[in-house]
Every structure is written in structure tokens, then in C-alpha cells.
Amino acid sequence: MTEHIQYSPEHDALILLDQRYLPTREEWFVCKTVKDICEALVVMVVRGAPAIGVTAAYGCYLAAREVAAKPSLDDWKAALSAKLEQIATARPTAVNLRWAVRLMRGEWDKRPELSLDELCVFWLAKAKQIHAEDIATCRAIGAAGARLIADGDTVMTHCNAGALATAGYGTALAPIRAAVEQGKNVHVIANETRPFLQGARLTAYELHRDGIPVKVACDNACALLMQRGLVQKVIVGADRIAANGDAANKIGTFGVALLAREFGIPFYVAAPVSTIDPETADGSLIPIEDRTPREVTHIGNTQITPDGVDVFNFAFDVTPNRLIHGIITEQGVLAAPYAEEIAKLFK
Ligand code: MRU
């Protein structure tokens, strides 16, 4: 996969592969300001929990640059803090956004003596480190999860939790990639994932480019495919995992988990530890993003619902921990009871 998140020293900008136009057009979106970063997050130029965390880390650096460009500012610390808050709250469900901004902020708090210029240098290095570590984390998720996949398995996934949703390699797609690297014959069913079509457009794009066999299925084909024995495992990503193991992921994931239970198919969640939020006790407390109706009323520029008819566009749902066979992290596969396993991780 092309590196879809790139810092350009030449332009002093973050350059993102614009995921709105995939798979038919590869266009790049240039972020030089906090406004650009927030726009990229909100309209989903970049999406997927770890990828938005990495973007937010570079966003903190760009925020410091922006503040440094106004030497007349009396209170640069307050101005910078306000910009960080803007980035952290651009999307509500994926905890990685807040996680990355808190991490950057924490490093600054430890070094109050830094001048603004010194902070810029320090934060750029830190953002690059978060970026590199995310790829290493995904590879570790792959190594931990590959043993759950048998030679000949077809794995269903929902949304895109692949290279495009992380700095590279993916979370849900990581065990699949690792199993393929081990020589296993693995097929993937990518649920199309209405309304933004992350499965049809993005998961299919990256797996096909990387030579991993993938078939796209309509979201409403899931029960039939499972009933026909065409699915051996389900692996999905997560945007936030509560302290009890309840996992928020793209809308429709909960339904897939219920069907997997009906048909006795193991259902796994793959995510980095940074997606686990020990401050959220259970899934009922995870904020669910409610996005613009236009994503449902239109496909591209074509209107598909009558004028004046309202729609639902909740972007995520929460799968209760009881439906989850295991949570694949870079630190190994967590099993129920998740509250205990997660508490141990954060001790
Ligand atoms: O709205 P999106 O596309 O940001 O939602 C993404 C998902 O739901 C992913 O499955 C999740 O973030 C995991 S990404 C490794």
C-alpha cells in the first residue's frame, strides 16, 4: 500500500490520500493548518481510529506552528490549548483522537520550559514517532491474531480496519495479512458498509492491490452467507472499547456479531491498546457520532430518497462483550472476562 499519511518537510504539511475518492481517484489533501486537519477528520479524508490518532498528533504540531506564526499573541499557551481541544473533539466516537492529543499534551506538560519554537521541533519528532509506532503495533496485532486463522478460512470483515484506517497494515486486516504471509490460503468477505462504503471502496481496494483474495458483499447478505457456511471467522476493528470489553465499531457491526453468534462463527475484535478506554465503564457510555443525512440520502451526487424524508445516520454501534470471542491487541489476545483482562492491562 502507498503510505497514505505523509509528512512533507518540503511543504511543512501533512499530506493525506483523500479516502473520499477511492477507489477510482487517488487525490491528495494537504493540511497546513488546524482548520485543514479538522476538515480532513470531519469529512473523512482520513478515517479509522488509529489513522485519525496519527493525524491528530501531526495536527498538534501544526497547531503549534500556527500559534508561533503570531508572535504578538499574549497567551500562546491558552491559544494552543484551544486548538488542541478543537482537534480532540473533531469526531466523538474513536477514542484515539483524544488519546493522541492527550499524549502530545502530556509530553508538553512535562516540559513547561520549552519555548514555542522548541515545542514545534519536539512535537514534530513526537508525531513521527507515534506514526512509526502505529505500524509496529499493527504488525504485532497481526502476529497475535494470525494463529486464529486456519488455512482455507474465509474471514468476513465490516468497514475498513486495514492499512487505510491506520498508519499501515491495519488492525482487523492485520491477522489476515500475517496469516497470508505465513503461507495460509485466506479469503476475505468485505461487507460493503453503507453509507460511506468503507468495505466496498477501501477494504476491497487495499486487499485487491495487495493480492489478497476479496469479495464484496451487500451488508444485507450477511445472514445468507453465514447460513451457507461461507464464513469461518469474523474480524472487525474498533473505535473505542469500554473497560468491560463492549466495543464500538462501524454501524452494522453489532448485527454481524449477532448473526455470527446464531451461526456459531467466532467473532473477534482487533484493536491497539490505545483504542481501549478504561475511563468508559461500558458501551452505553460511548458517544455515537450522528453524521450528516446527505451520506444516506445521496450516493455521490445522486439523490436516492424523496425530498423531505428524514433518515438515520448513526455512524457506529456497540457490540456487547458477550458476543466477542476475543480482543486481538498488540499485547496478545484478550478473552472474557474482559473487565479483568483490561484492568490488568492498565494496572
Ligand atoms: O467512520 P470511520 O470510517 O472512521 O469508521 C472506522 C471504523 O469503524 C473502523 O472499523 C475502526 O475505526 C477501526 S480502524 C482500524
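Reply:

The model is predicted, so local features need pLDDT of at least 70 and side-chain atom pairs count only at pLDDT 80 or more, while totals for chains, interfaces and linings use all residues. Residues are numbered from 1 along each chain as its sequence is written, and side-chain values use heavy atoms, with hydrogens and water left out.

On a 1 Å grid over the protein atoms alone, a pocket is an open set of points with protein on both sides within 12 Å along at least five of seven lines; a cavity is a set where a 1.4 Å probe fits but cannot get out; lining residues have an atom within 4 Å of a point. Points are joined across faces, edges and corners, and a volume is the space filled by probe spheres set on them.

The lining of the second largest pocket comprises 17 residues, with W99, E133, D134, T137 and S274 nearest its centre. Two or more residues come from each of α2 (49–68), α4 (95–109) and α5; helices are DSSP runs of H or I with at least four residues, strands runs of E with at least two, numbered from the N terminus. The largest share, six residues, belongs to α5. By class, the lining has seven nonpolar, six polar and four charged residues, where Ala, Val, Leu, Ile, Met, Phe, Trp, Tyr, Cys and Pro are nonpolar, Asp, Glu, Lys and Arg charged, and the others, Gly among them, polar. Domain 1 (5–138) and domain 2 (143–345) each supply at least three lining residues; these bounds come from an automatic or database domain assignment.

Helix α5 spans residues 116–146 and includes A136. A136 counts as partly exposed because its relative accessibility is 48%, between the limits for buried (under 20%) and exposed (over 50%), with a 1.4 Å probe and protein chains only.

The largest pocket, in turn, has a volume of about 510 Å³. Its lining has 15 residues, and F196, E295, H298, I299 and G300 lie nearest the centre. Five of the lining residues are nonpolar, four polar and six charged.

The largest cavity holds about 170 Å³, and R47, G48, A49, N160 and D239 are the closest to its centre among 23 lining residues. Here α2 gives the largest share, three residues.
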